[in-house]
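User: I would like to learn how to read the features of a model like this one. Please give the general idea each time, then the case at hand.

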Amino acid sequence: MQRIVLAEDMHMIRVALAALLDLEPDMEVAAQVGNGSEVLPAVLRTGADTAILDIDMPGMDGISAAAVLRDRAPGCRTLILTGMARPGTLWRALDAQVAGFLPKDASPDELLDGVRRVGAGRRVIDPELAMAAWEIGDSPLTEREVEVLARVAEGADTTQIAATTSLSVGTVRNYLTTIVNKLGARNRVDALRIARDNGWLA
């Protein structure tokens with residue numbers, strides 16, 4: 001029997017998924033949670049061997065929750081479900097060593113097959129997303145550049161970014177110029193759009 005923790009913040013979707021999974025004779029939803037920070041406690045409490053994680057949840061996103069499970073509950077394999085399948089997001093998920101990555105609009109049969117394959121120790125990745133990720137590649141930005149761009153996304157100006165990153169204003173400007181050039185963007189706003197579209201900005 002495959003014991004599953006289901007993490008999805010939208011109640012209606014979570015209940016529907018749980019009902020679908022519980023209909024299968026070889027699956028049991030051991031716990032349902034609506035917040036990413038509740039995933040690890042639920043897995044430890046139930047001894048679940050599979051966690052199905054929505055990628056976008058309050059508290060902690062699905063990929064971060066998967067990384068926590070990798071470190072704290074390595075016997076539990078993870079399957080990410082996403083409504084916005086971006087290549088960069090898949091790279092982040094693979095870095096977290098998730099076992100599966102499927103779009104939310106997958107058919108019930110595809111989902112159930114994916115859950116079974118993950119439970120059997122195999123890896124399941126949506127083929128269209130895998131091809132897109134292969135073509136686009138991983139993020140060209142360094143961790144520091146992502147940090148600076150994330151501050152831009154929050155609406156911070158150059159001076160504010162410098163204050164929160166312990167960098168000089170000149171260094172922040174240099175980072176922003178490098179980011180724009182690396183992404184082939186017109187300006188920092190365009191760079192932000194490109195990074196978000198490709199899932200390079202968490």
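User: Which residues are linked in a network of salt bridges?

Analyst: A salt bridge here is a side-chain nitrogen of Lys or Arg within 4 Å of a carboxyl oxygen of Asp or Glu. In this predicted model, Glu8, Asp54 and Lys104 form such a network. The side chains of aspartate 54 and lysine 104 meet at 3.1 Å, N to O. That pair links distant parts of the chain, 50 residues apart: aspartate 54 belongs to strand β3, and lysine 104 to the loop between β5 and α5 (108-119). Helices (H or I, at least four residues) and strands (E, at least two) are DSSP runs, numbered from the N terminus.

User: Are aspartate 54 and lysine 104 buried or exposed, or in between?

Analyst: Buried means under 20% relative accessible area, exposed over 50%, and partly exposed in between (1.4 Å probe, protein chains only). Aspartate 54 has 4% and is buried. Lysine 104, with 33%, is partly exposed.

User: How many salt bridges does the structure hold?

Analyst: There are 12. One of them joins the side chains of glutamate 28 and arginine 3, at 3.1 Å from N to O. Glutamate 28 is in strand β2 and arginine 3 in strand β1, so this pair ties together parts 25 residues apart in sequence. Both ends are partly exposed: glutamate 28 has 33% relative accessibility, and arginine 3 has 27%. Another salt bridge is formed by arginine 70 with aspartate 71, where the closest N and O atoms are 3.1 Å apart. Arginine 70 is partly exposed at 30%, whereas aspartate 71 is exposed at 55%.

User: In what order do the strands of the sheet come?

Analyst: Strands of a sheet pair through backbone hydrogen bonds, either parallel or antiparallel. The criterion for a pair is that DSSP finds at least two bridges between the strands. Here 6 strands make an open sheet in the order β2-β1-β3-β4-β5-β6, with parallel pairing. β2 and β6 (124-125) are the edge strands; each has a single partner, so one side of each lacks a neighbour in the sheet.

User: Which residues stand opposite each other in the paired strands?

Analyst: Take the pairs in turn. β1 and β3 run parallel, joined by 4 bridges, and isoleucine 4 stands opposite threonine 50 in β3. β3 and β4 are parallel as well, over 5 bridges, with isoleucine 52 opposite leucine 79 in β4. Between β4 and strand β5 (residues 100-103) there are 4 bridges, again in the parallel sense, and leucine 81 faces leucine 102 in β5.

User: Why is β4 described as largely enclosed?

Analyst: Of the 6 residues of β4 (residues 77-82), 5 are buried, so the strand is largely enclosed by the rest of the structure.

User: Which elements make a right-handed β-α-β unit?

Analyst: A crossover is right-handed if, with the strands pointing away from the viewer, the path from the first strand over the helix to the second runs clockwise. β3, α3 and β4 make such a unit.

User: Which residues touch the most other members of the largest nonpolar core?

Analyst: In soluble globular proteins, nonpolar side chains tend to be buried together. A nonpolar core is a set of buried Ala, Val, Leu, Ile, Met, Phe, Trp, Tyr and Cys residues joined through side-chain atoms within 4.5 Å. The largest one has 26 residues, and Val39, Val43, Leu53, Leu69 and Ile80 touch the most other members. α3 gives the most to this core, 5 residues. With contact meaning heavy atoms within 4.5 Å, valine 43 is in contact with Val5, Ala48, Ala51, Leu69, Ala73 and Cys76, leaving aside neighbours within four places in sequence. Apart from this core lies another, of 20 residues, including Ala162, Ile179, Ile194 and Trp200.

User: Which residues of helix α7 are buried?

Analyst: In α7 (residues 143-153) they are Glu145, Val148, Leu149 and Val152.

Note on methods
Residues are numbered from 1 along each chain as its sequence is written. This is a predicted model: local features need pLDDT of at least 70, side-chain atom pairs count only at pLDDT 80 or more; totals for chains, interfaces and linings use all residues. Side-chain values use heavy atoms; hydrogens and water are left out.
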